[in-house]
Amino acid sequence: MAKLYPHCTVVGVDLAPPRVDEDLPSNCRFEIDDANLGFGHYEGAFDVIHARAISAGIRDYPQLLQEFAQALRPGGVVISGDGDMQLFDEWKQPLAYVEEGSPGFYWTHRVFFAAYNAMKNRGGSIDSPSMMPTWLRANDAYADVGWHKAFIPIGPWRQTSDPRERLIAEMLREDCLRYIAGLTPLLLSEGYLPESVEMMQREATAELRELRARIYSRWAFAWAVKK
């Protein structure tokens, strides 16, 4: 963003230091911070706030949207994007929870189901992808609320002649593989046995790499304008 818009100042906020492989543009900087603590130090500072894939770590998303409103200038735009933890079959219908060996069972879905419950138990706003339009409309600071959903195959299992769609599917698969590999501490903290976690991760990884899981992820994007 900083390279595309050199006349703007871009501020990235995250809990962990970013991995940057090159020198940052002079108009870009990062702040290591917890979004749950608020953005009072940025009151009226931004024209655009883009929040992507943060719902699991946010305890009170409606309150965060209020913080965003205070950090935006009048006419500024907030944009959110997040993936549903609910996965979908090849006909874009929600996958039901079924036992191993039953028709429609996927290890990938089992891992996501376990992660959803663990994050929910920890207080994350994990349902934000579907709730975002409602929360934005309920906040008097915003107007012109919009919402869009996009189904993306996890991996290039879907036959397509569109190279862009295939690339996005491949990128999402790689993201999901990293996500699954990083779930060990979370699932262990929920009481899963180490061997159970290892098996779920191993089987889900094999499914995705071998394109045996014909699964869609649904991403929701919402936006609104600060009055």
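Predicted model: local features only at pLDDT ≥ 70, side-chain atom pairs only at ≥ 80, totals over all residues.
**Helix H4**

Which residues of H4 are buried? They are Ala169, Leu172, Arg173, Cys176, Leu177 and Ile180. Seen down the axis of H4, the buried residues fall within an arc of 140 degrees, so they line one face of the helix. An α-helix has 3.6 residues a turn, so residues three or four places apart point the same way. The face turned away from the buried side of H4 carries Pro163, Arg164, Leu167, Arg178 and Ala181, which are exposed.

Helix H4 covers residues 163-181, which is 19 residues. At 1.5 Å a residue, H4 should span 27 Å. Its end C-alpha atoms are 27 Å apart, which agrees.

At the start of H4, Asp162 makes a contact with the backbone: one of its side-chain oxygens comes to within 2.9 Å of the backbone nitrogen of Arg164.

**Salt bridges**

Side chains of opposite charge can pair when their charged atoms come close. The whole structure holds 12 salt bridges. Among them are these pairs:

| Pair | N to O distance |
|---|---|
| Glu22 and Lys3 | 2.6 Å |
| Arg110 and Glu99 | 3.9 Å |
| Glu165 and Arg158 | 2.4 Å |

Glu22 bridges to Lys3. This pair links distant parts of the chain, 19 residues apart. Glu22 sits in the loop between strand S1 (10-14) and strand S2 (28-32), while Lys3 belongs to the segment before S1.

Arg110 bridges to Glu99. Arg110 lies in helix H2 and Glu99 in the loop between strand S4 (72-88) and H2, so the pair ties together parts that are 11 residues apart in sequence. Arg110 counts as buried, at 15% relative accessibility. Glu99 is partly exposed, at 48%.

Glu165 bridges to Arg158. Glu165 is partly exposed at 24% relative accessibility. Arg158 is partly exposed at 33%.

Elsewhere, Glu198, Arg202 and Glu203 are joined in a network of salt bridges.

Key: Residues numbered from 1 in each chain as written. Heavy atoms only, no water. Helix = DSSP H or I, 4+ residues; strand = E, 2+ residues; numbered from the N terminus. Expected span 1.5 Å × (residues − 1). Buried < 20%, exposed > 50% of the residue type's maximum accessible area, 1.4 Å probe, protein only. Arc of directions from axis to C-beta. Polar contact = N/O pair within 3.5 Å; in protein donor to acceptor, adjacent residues only side chain to side chain. Salt bridge = Lys/Arg side-chain N within 4 Å of Asp/Glu carboxyl O.
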